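Please read it alongside the sequence and the coordinates.

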Amino acid sequence: MKGLHRLEYRGYDSAGICLVNPELTIYKCKGKVSELEHFVKGQDVSGTVGMAHTRWATHGEPNQINAHPHISQNKSLAIIHNGIIENYASLRSELMNRGYKFVSETDTEVLIHLVEDIQINEDIELEEAVRIALNQVIGAYAIVILSKDNPNKIIAARKGSPLVIGIGKGEFFVASDATPIIEYTNNVVFMDDEEIATIERDKPLKIKTIKNKKKTPYIQKLELSLSAIEKGGFDHFMLKEIYEQPRSVKDSMRGRLNADMGIVHLGGIREYEQKLLNAKRIIITACGTSWHAALVGEYLIEELARIPVEVEYSSEFRYRNPVLYEDDVVIAISQSGETADTLAAIELAKSKAATVLGICNVVGSSIARATHAGVYTHAGPEIGVASTKSFTSQVMILTLMALQIAQEKGTIARSRFHQILTELNTIPKKIERILLLNDQIQEIARIYKDVTNSLYLGRGYNFPVALEGALKMKEISYVHAEGYPAAEMKHGPIALIDDQMPVVVIATKKGSYEKVISNIQEVKARKGKIIAIITEGDVTVKKLADHSIEIPETEEMLVPLLATIPLQLLSYHIAVMRNCNVDQPRNLAKSVTVE
Ligand code: M6R
């Protein structure tokens, strides 16, 4: 149960548990892990081999029947699964023709009937039946299978969806990520795609591929502390993670930036530095918040390093046969390192011989391993479904990358380089100052908590900030929010503005400051309410705005590292006031391991 709670941020539609004691005993129900806990109270939940699952529904609505584990027809096998079996419909009708009855609408149930069918017909070991079954499967999976006839054995396999095995003293743990494991051991094996693990009581871990090739398990020591994945006195993980940002951006810079000596160096991409310097084009691919960080990266790299940059949604890039050359460098950004679309975009880029670099937060994640090289953000575990500290850390890494390339290419003057480096060092303290505005932001939230629509506007570096602010608002508070380049407003969204519409404008000094003031006037002329993010001491916008939040002055290109913070707090407080589940918003999951 504790393990399930730790994994709950990945999906929370339904939950279930299966114990071998000695039959396969299954309890499952709709809703969160706490519902399951309630459901099993007073039941016999003893056993030393078991598995549990918390689901993010793909096939079939989130109800008790579709909840995992699923059981084979002869009730001797049970399975939990993360991923999607794409050819489930054809497998299902084949199995139905052979007399199998399906009780759920899930793709997962197909797998367990298939394994049973193979095992019965071929009289082979469980792991061999699983191997043969997986050779017939198209799609993504991380699975665990238990058998009542092999009560001391667990079979686990992965393709496309992550799976980690923890090796303790006389005990094993299998999970989608390391968070439920580190409490017990930090010795872990990250499984690779198409690998099957056989875990047996009192025996060493065995791994082979679905092509039947033996592999030697590679045991790694994880550096992850328990406190990093707990709330630490905060009401929500999201709030804790917002408050961690002075530390997390510092950790992203640590050992990579020395302002006094004028050095920026990202060790992870050392081997590919020449590729970056010679790149005719950089393509950054990502999803969601990471895509917003990519947009900031585009502005940074083009301005500082003078290399053309394209930013692509991974889900579009992977399917549209993009033009890619060997001298293109593709940068994939992902907090979790598990986003299915981004992984597929990486594979596509690699197949076209492009160099692929990663910017990931989760150490050992699939994307970190699939890319040629990369940089970890070191933001620390992010549990709240809404990305907060990972955005600022991603932007920090992109800033360092742009500066490093610019310095090597000579596209930046030495004095300017020093100036930006010195300013970067001040960012953690400036974030601390912004966090002191929490009470003021809470008051603004109170005024607007009942709105149904909102608009976020920004120009230049503040345009991605507007997009990110709007995403935070809609995903956790369910208030419709649109992010727009401020000047584009007059091409359509201005029609939405009336005296009920809050318009959040990032109107910091420098850049297109004067132009943004004109945009504010346009909103005011239509009676829209202005919440402005302004530079400390700015009286001009303050006079125009209904509310203004003052953030410390910084370089224009570094403003996203600061201006995003009040927007995170604003959406957080509105969500709390609307009684929304801040850390686990409806319909969402932290790692989107399905396409
Ligand atoms: O783990 P990733 O950075 O690849 O995730 C990408 C998106 O799913 C993620 O940023 C999502 O949009 C967040 N919930 C936004 O807060």
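## Sheets and ligand site

Three strands form an open sheet in the order β2-β1-β3, with antiparallel pairing; two strands pair if DSSP finds at least two bridges between them, and helices (H or I, at least four residues) and strands (E, at least two) are DSSP runs, numbered from the N terminus. At the edges stand β2 (24–30) and β3 (50–55), each with a single partner strand, so one side of each is left without a neighbour in the sheet. From one strand to the next the twist averages 10 degrees, where axes are lines fitted to C-alpha atoms, for helices over the stretch in contact, and angles run from 0 to 180 degrees between N-to-C directions. This is a predicted model, in which local features need pLDDT of at least 70 and side-chain atom pairs count only at pLDDT 80 or more, while totals for chains, interfaces and linings use all residues. Residues are numbered from 1 along each chain as its sequence is written, and side-chain values use heavy atoms, with hydrogens and water left out.

Seven bridges pair strand β1 (residues 14–20) with β2 in the antiparallel sense, and V20 has L24 of β2 as its bridge partner. Helix α2 (residues 33–40) lies across β1, β2 and β3, running at about 130 degrees to β2.

A second open sheet has five strands in the order β18-β17-β19-β20-β21, with parallel pairing. Its edge strands, β18 (309–313) and β21 (373–376), each pair on one side only. Strand β19 (residues 328–334) is joined to the parallel strand β20 (residues 355–360) by six bridges, and V329 stands opposite T355 in β20.

| Helix | Strands touched | Angle to β19 |
|---|---|---|
| α11 (residues 340–351) | β17 (281–286), β19 and β20 | about 165 degrees |
| α13 (residues 389–409) | β17, β19, β20 and β21 | about 160 degrees |

The ligand is surrounded by 15 residues, of which the closest are S290, S334, S336, T339 and E475; a residue counts as near if one of its heavy atoms lies within 4 Å. Helices α9 (288–305) and α16 (462–477) each supply at least two residues of this shell. An N or O atom in the side chain of S334 is 2.6 Å from an oxygen atom of the ligand, and a polar backbone atom of Q335 is 2.7 Å from an oxygen atom of the ligand.

Conventions:
Contact = heavy atoms within 4.5 Å. Polar contact = N/O pair within 3.5 Å; in protein donor to acceptor, adjacent residues only side chain to side chain.
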